[in-house]
Amino acid sequence: MILNFLKSDWLKLKRTYLRWIITVFFILHAVFMVWYSKDLLKLEDFMFSMYKLFFGSIGVLLPAILGIYIGLSSSIEKNAGNFRNIKGFYFGKTNAILSKNILINLIFMLSIILSTIVFMFGINICYKIILPLKEFIVGIFCFCFSCALMTSIYIPISIGFSNSICTLLSIGILGSLVTAILAVVNLGNMIWWLIPYTYATFLPVIFCDNFNMFILSLIICIVVTLLILTIIIKFLKVLEK
């Protein structure tokens with residue numbers, strides 16, 4: 001059953017420009033980071049600095065990018081009347097919502113993988129530096145993990161609000177601003193785990209610092225996201241009545 005929803009969502013996505021915009025954006029981000037990284041070569045820990053800069057910057061942008069993408073795609077579907085199959089929030093519509101989650105996460109996963117490959121090859125070609133593969137694989141995992149958690153929050157909002165594009169755009173931009181602020185202040189190290197927006201920025205760094213804390217952080221992130229998702233779903237169910 002889920003395969004039918006996936007096929008349907010993919011056919012609808014093929015008719016739009018959204019997936020190409022995401023992929024091109026990620027590639028351009030990688031190219032820009034290669035150029036910007038030349039200023040990091042004079043640092044003693046330049047490899048870690050490149051790693052932190054690459055995943056930290058895309059982590060800051062992720063809430064806004066995801067909000068814009070899901071907002072635009074849901075707006076297109078609503079205008080076409082496709083959400084009539086999903087309204088009736090989470091009552092027998094699990095496959096439809098799960099399909100959208102899977103497809104969005106696949107697009108972002110492929111985009112970050114491609115972006116990472118471009119960045120690592122670019123650094124190697126331009127500066128003759130071989131970046132550590134293991135850390136960047138973990139960085140990709142942290143990005144995908146964070147993207148999946150945020151998508152699970154964004155999609156119910158996109159379905160539950162009539163003007164979802166404005167709502168998600170506002171939430172996404174706010175999330176990016178909050179993440180950027182917490183990434184540069186000491187307070188961020190203490191409260192980041194309470195805010196799903198920040199996971200893609202903080203988790204890759206925690207992996208390099210303390211593996212046990214990294215595993216604990218993953219568990220905490222899942223629990224916090226589930227709590228937030230539960231609150232959102234209950235709130236949207238109340239709005240439907």
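Q: Is F235 buried, partly exposed or exposed?
A: In this predicted model, F235 is partly exposed, because its relative accessible area is 45%, and partly exposed covers the range between under 20% for buried and over 50% for exposed.

Q: Where in the fold is F235 placed?
A: F235 belongs to helix α9, which covers residues 211-240.

Q: How far apart are the C-alpha atoms of F235 and G160?
A: They are separated by 9.4 Å, although the two residues stand 75 residues apart along the chain.

Q: Stepping back, how many helices and strands does the protein chain have?
A: The chain comes to nine helices and zero strands. Read along the sequence, the pattern is α-α-α-α-α-α-α-α-α.

Q: What share of the residues counts as buried?
A: Of the 241 residues in the protein chain, 46% count as buried.

Q: And what share of the contacts joins residues at least 24 apart?
A: The share is 77%, taken among contacts between residues at least 6 apart in sequence.

Q: Now α8. Why is it described as largely enclosed by the rest of the structure?
A: Nine of the eleven residues of α8 are buried, so the helix is largely enclosed by the rest of the structure.

Q: Which residues of α8 are buried?
A: The buried residues in α8 are Y199, A200, T201, F202, L203, P204, V205, I206 and F207.

Q: At what angle do α5 and α8 pack?
A: Helix α5, residues 133-160, packs with α8 at an angle of about 145°, and their axes are 8 Å apart. The crossing of α5 and α8 is right-handed.

Q: Which residues make that contact?
A: From α5 the contact uses K134, E135, V138, G139, C142, F143, F145, S146 and L149, while α8 contributes Y199, A200, L203, P204, F207 and C208.

Q: How do the residues of the contact of α5 with α8 divide into nonpolar, polar and charged?
A: The contact of α5 with α8 has eleven nonpolar residues, two polar and two charged.

Q: Changing topic: how much space lies in the largest pocket?
A: The largest pocket holds about 520 Å³ of space. Its lining has 23 residues, and K52, A183, T201, F202 and V205 are the closest to its centre.

Q: Which helices each supply at least two residues of that lining?
A: They are α3 (46-80), α6 (164-184) and α8 (199-209). The most comes from α3, with eight residues.

Q: How do the residues of the lining divide into nonpolar, polar and charged?
A: The lining of the largest pocket divides into 14 nonpolar, seven polar and two charged residues.

Q: Is I58 buried or exposed?
A: I58 is buried, because its relative accessible area is 1%, under the 20% limit for buried. I58 is found in helix α3.

Q: What is I58 in contact with, leaving aside its neighbours within four places in sequence?
A: I58 is in contact with F25, F26, H29, I65, I112 and F143.

Q: On to α4. Are T116 and L110 buried or exposed?
A: T116 counts as buried, at 2% relative accessibility, whereas L110 counts as exposed, at 55% relative accessibility. T116 lies in helix α4, and L110 lies in helix α4.

Q: What does T116 contact beyond its neighbours within four places in sequence?
A: T116 is in contact with F54, F55, F136 and I140.

Q: How far apart are L110 and F26, C-alpha to C-alpha?
A: The C-alpha atoms of L110 and F26 are separated by 9.9 Å, and the two residues are 84 residues apart along the chain.

Q: Where is I27 found?
A: I27 is found in helix α2, residues 18-36. I27 is partly exposed, with a relative accessible area of 28%. I27 and V118 are 7.0 Å apart in space, C-alpha to C-alpha, and 91 residues apart in sequence.

Q: Last one: what is the phi of K128?
A: K128 has a positive phi of about 60°, although K128 is not a glycine. Most residues other than glycine have a negative phi. K128 lies in the loop between α4 (94-127) and α5, and counts as exposed at 69% relative accessibility.

Methods
Residues numbered from 1 in each chain as written. Predicted model: local features only at pLDDT ≥ 70, side-chain atom pairs only at ≥ 80, totals over all residues. Heavy atoms only, no water. 1 Å grid on protein atoms, 1.4 Å probe; cavity = no way out; pocket = protein on both sides within 12 Å on 5 of 7 lines; lining within 4 Å. Points joined across faces, edges and corners; volume = space filled by probe spheres on them. Helix = DSSP H or I, 4+ residues; strand = E, 2+ residues; numbered from the N terminus. Nonpolar A, V, L, I, M, F, W, Y, C, P; charged D, E, K, R; others polar. Axes fitted to C-alpha atoms, helices over the stretch in contact; angles between N-to-C directions. Left-handed = near helix turned anticlockwise from the far one by under 90°. Contact = heavy atoms within 4.5 Å. Buried < 20%, exposed > 50% of the residue type's maximum accessible area, 1.4 Å probe, protein only.
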